[in-house]
Amino acid sequence: MPVEIPKTMRAVVYRGVNDLRVETVLVPRIGAGELLVRVAACGVCPTDIKKIQYGTVPPPRIFGHETAGTVVRVGARVRGFRTGERVALHHHVPCLRCYDCRHGAYAHCAQCKRTGITAGFEPSGGGYAEYVRVMSFALPGIVKIPRRNSFIEGAMQEPVNTVLKAVKKLALLRGDTVLVAGQGPIGLIFTRLLVLYGMKVMATDLLEPRLKMAKRWGAKWTFKADDPELIEKARRLTSGRGVDAVVLAVPVDAAFFQAQKLVRGEGKIMLFAHTRRGAETALDLSGVCVDEKDLIGSYSVDFRLQKEVARWVFSRKLDVRQLVTHEFPLAETAAAVELAAHPRPESLKVVVVHDMQKAERTAKR
């Protein structure tokens, strides 16, 4: 029986710096090679927060890209999907054919830079709306959600993918010691994945509740980030050599300078949170040259990792449900963004959900 789809829907429209408005817009129309998905849950991502707070892209737009929902309409030429299926979406999908893709630089592929999910206006993810249109080139990025799993777990596929991509880029050996600076939602995912891959993790943060969570998720050691003896303690715990790698899950200069001292010669420093263009930091380049300390970055997802991410999340070995501390209805998206931008000690991942999804998430825990 076909699903009745309204002509209009509610959406949270970005109208300017820190200006999010609940408006009525048209439900997107799909082409023969596209899907229409009714949104169930969408995570609040720091990338969108920066666009909203600093006005780095022109309005109007409908943000939200950590999205999961239900297929409600299938284009005539689409195969492999049917109405009623529960799916997680990826808004950036590479072509796998171009120069960048052949070199594994998927985030720099021209197609991957296009946003393949929209709820209207300039495509920007669209998850802060009731329905989204999935364009044909983004169909390979869809992950089907098993019956036992929740939409929340579906919505977390994208952020987990970005972290797993960074973990792979570190090319660590089992048993290596890694310091993860910052135990917000992303830092905690780093901590858990590194533990699952056999690493010894030192976790740092300024908030005690987050350090306790890191410990529950397998961190071998936890320290306050402002501990004046942190460098000495880290060296003592690594037989004087320093850690094998540092992951910076916070864009803080002090954490970077600390990382330079903490990591051993030929160790690696991973920048993961430095996504705002124009921010500059003084750097002693001899630490890179003479000490052979690799400075590397990672951004966006790796299409090839979707199945691996799904196994970790849907098996609940990486139980992302434990990260979600706050859920907001669509009408309160602005409040959700504000909390995610200025977290409290007890807050971690913030998600925008439709009211019906709260019951589903609670029932499946």
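This is a predicted model: local features need pLDDT of at least 70, side-chain atom pairs count only at pLDDT 80 or more; totals for chains, interfaces and linings use all residues.
Tyrosine 14 belongs to strand E1 (residues 8-16), while phenylalanine 63 is in the loop between helix H1 (46-54) and strand E4 (66-74), so the pair ties together parts that are 49 residues apart in sequence. Helices (H or I, at least four residues) and strands (E, at least two) are DSSP runs here, numbered from the N terminus. Tyrosine 14 and phenylalanine 63 are both buried, with buried meaning under 20% relative accessible area, exposed over 50%, and partly exposed in between (1.4 Å probe, protein chains only).

Tyrosine 197 and tryptophan 312 make an edge-to-face pair, at 5.6 Å centre to centre and 65° between the planes. This pair also links distant parts of the chain, 115 residues apart: tyrosine 197 is in the loop between helix H6 (185-196) and strand E10 (200-205), and tryptophan 312 is in helix H11 (residues 306-314). Tryptophan 312 has 16% relative accessibility and counts as buried.

Charges show up over rings too, the test being NZ of Lys or CZ of Arg within 6 Å of the ring centre and within 35 degrees of the ring normal. Arginine 86 lies over the face of phenylalanine 151, 4.7 Å from the ring centre. Lysine 144 puts its charged end over the ring of phenylalanine 81, at 5.1 Å from the centre.

Helix H12 (residues 333-341) has Thr333, Ala336, Val337 and Leu339 buried. Looking down the H12 axis, these buried residues fall within an arc of 165°, so they line one face of the helix; the arc is that of the directions from the helix axis to the C-beta atoms. As background, an α-helix has 3.6 residues a turn, so residues three or four places apart point the same way. The partners that the buried residues of H12 pack against are E1, strand E2 (19-26), H1, strand E15 (324-329) and strand E16 (349-353), with contact meaning heavy atoms within 4.5 Å.

For H1 and H12, the packing angle is about 105° and the axes are 10 Å apart. Axes are lines fitted to C-alpha atoms, for helices over the stretch in contact, and angles run from 0 to 180 degrees between N-to-C directions. H1 and H12 are therefore roughly perpendicular to each other (under 35 degrees counts as roughly parallel, over 145 as roughly antiparallel, 65 to 115 as roughly perpendicular and the rest as oblique). On the H1 side the contact is made by Ile49, Ile52 and Gln53, and on the H12 side by Val337, Ala340 and Ala341.

Helix H9 (residues 253-262) has Ala255, Phe256, Gln258, Ala259, Gln260 and Leu262 buried. Their cover includes strand E9 (177-181), helix H8 (230-237), strand E12 (243-248), strand E13 (263-271) and strand E14 (294-297).

Proline 59 and proline 60 are joined by a cis peptide bond, with omega about -5°, and proline 60 sits in the loop between H1 and E4. Asparagine 18 is not a glycine, yet its phi is positive, near 55°; asparagine 18 is in the loop between E1 and E2 and, at 54% relative accessibility, counts as exposed. Glutamate 266 likewise has a positive phi, about 65°, without being a glycine. Glutamate 266 is in strand E13 and counts as partly exposed at 47% relative accessibility.

Threonine 204, in strand E10, is buried at 1% relative accessibility. Leaving out residues up to four places away in sequence, threonine 204 touches Leu179, Val180, Ala181, Gly182, Gln183, Leu211, Phe223, Ala225 and Leu230. Isoleucine 189, in helix H6, is buried with a relative accessible area of 0%.

How values were computed
Residues are numbered from 1 along each chain as its sequence is written. Side-chain values use heavy atoms; hydrogens and water are left out. Rings of Phe, Tyr and Trp (its six-membered ring) pair if their centres lie within 6.5 Å; planes under 30 degrees apart count as stacked, over 60 as edge-to-face and the rest as tilted.
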